[in-house]
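I opened the model to look up two surfaces. My entries follow.

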There are 2 protein chains.
Amino acid sequence: MTIRQMCDAFGVTPRTLRFYESRELLFPERRGQQRLYSRADRARLTLILRGRRFGFSLEQIRQLLELYDPAERNITQTEAALGAARERLADMEQQHRELGEAMSELRQQIADGELWLNNLKSDA
Amino acid sequence: MTIRQMCDAFGVTPRTLRFYESRELLFPERRGQQRLYSRADRARLTLILRGRRFGFSLEQIRQLLELYDPAERNITQTEAALGAARERLADMEQQHRELGEAMSELRQQIADGELWLNNLKSDA
DNA sequence: GGCCAGGTTGACGTGCACGTAAGGTGCGAC
DNA sequence: GTCGCACCTTACGTGCACGTCAACCTGGCC
């Protein structure tokens with residue numbers, strides 16, 4: 001898959017893909033100068049974009065990706081990656097809870113606003 | 001409440017509070033040059049900080065705060081704010097779902113990593 | 001009056017995640 | 001051959017959310 005196909009498929013720019021590569025988040029093969037993205041690269045990009053939506057930094061995402069990466073597996077590295085992953089998971093769980101609470105509050109506020117609006121309109 | 005008491009209570013810096021004020025997120029009263037924060041200001045700051053944790057921009061937060069603000073209530077403004085709030089809520093719901101899925105995947109990956117680690121250790 | 005802690009306002013600096021412009025390369029179509 | 005297009009690298013620019021620093025009040029205490 002060329003860089004353009006990747007961009008079209010994921011809705012990102014070439015600049016973004018090259019930037020991710022410079023930060024060691026993606027490692028496409030090279031045919032001469034051209035980048036070629038494999039199925040694994042597409043899976044990684046999916047994870048990267050998801051992580052970004054959750055507010056994780058590219059560096060945090062890079063560390064998480066090590067957990068998915070079967071290469072360079074030794075005990076200390078895996079243990080470090082596991083520790084980082086557990087911390088991220090705890091963050092995500094707290095964020096998940098707080099997001100649920102915030103959604104409830106926002107729904108309540110919306111309902112209040114709608115009620116207020118209907119009262120105003122029925123008066124008129 | 002002075003700026004220092006606010007900072008201690010919310011774990012932010014004076015710079016942050018003045019910055020929020022410059023972006024019209026907070027409107028503390030003035031006793032001479034000093035800022036004085038009311039109960040309403042503290043409630044607004046709570047909402048601001050929560051919004052920030054969910055990745056909303058300060059501008060988005062400012063628009064949402066209009067929904068909470070009982071001043072300057074007219075129909076078109078409230079309807080616009082309600083529309084924005086519904087869009088944000090939809091974003092939050094999607095983010096909530098995706099975050100749940102990502103947590104499941106990450107838990108699975110952690111379990112895999114732990115299993116692999118235990119196998120390696122029991123071999124040794 | 002002297003002085004200091006704590007407040008104030010700009011103005012500039014920083015880290016992140018890219019965007020953008022400049023100039024060069026490879027390659028198939030005509 | 002050369003035109004055009006897509007790709008490449010390098011370097012600088014941008015927007016956001018603040019941090020940092022300089023310079024200046026201001027009230028309270030000795």
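**Chain interface**

I looked up the area buried between chain B and chain A: about 3800 Å², with 71% from carbon and sulfur atoms. Buried area here is the accessible area (1.4 Å probe) that two parts lose on being put together, summed over both. B:H96, B:L99 and B:L106 supply 15% of what chain B buries against chain A, more than any other three residues.

This is a predicted model: local features need pLDDT of at least 70, side-chain atom pairs count only at pLDDT 80 or more, and totals for chains, interfaces and linings use all residues. Residues are numbered from 1 along each chain as its sequence is written, chains are lettered from A and ligands numbered from 1 in the order written, and side-chain values use heavy atoms, with hydrogens and water left out.

I noted eight salt bridges between chain B and chain A (side-chain nitrogen of Lys or Arg within 4 Å of a carboxyl oxygen of Asp or Glu). One joins A:R86 and B:E114, 2.9 Å from N to O.

**DNA strand D**

I found 17 residues around DNA strand D, and the closest are A:R18, A:R35, B:T13, B:R15 and B:Y20 (near: a heavy atom within 4 Å).

I then checked single side chains. A polar atom of A:R35 lies 2.7 Å from a phosphate oxygen of DNA strand D. B:R15 instead has an N or O atom 2.9 Å from a base nitrogen.

Note on methods: A polar contact is a pair of N or O atoms within 3.5 Å; within protein, one must be able to donate a hydrogen and the other to accept it, and residues adjacent in sequence count only if both atoms are side-chain atoms.
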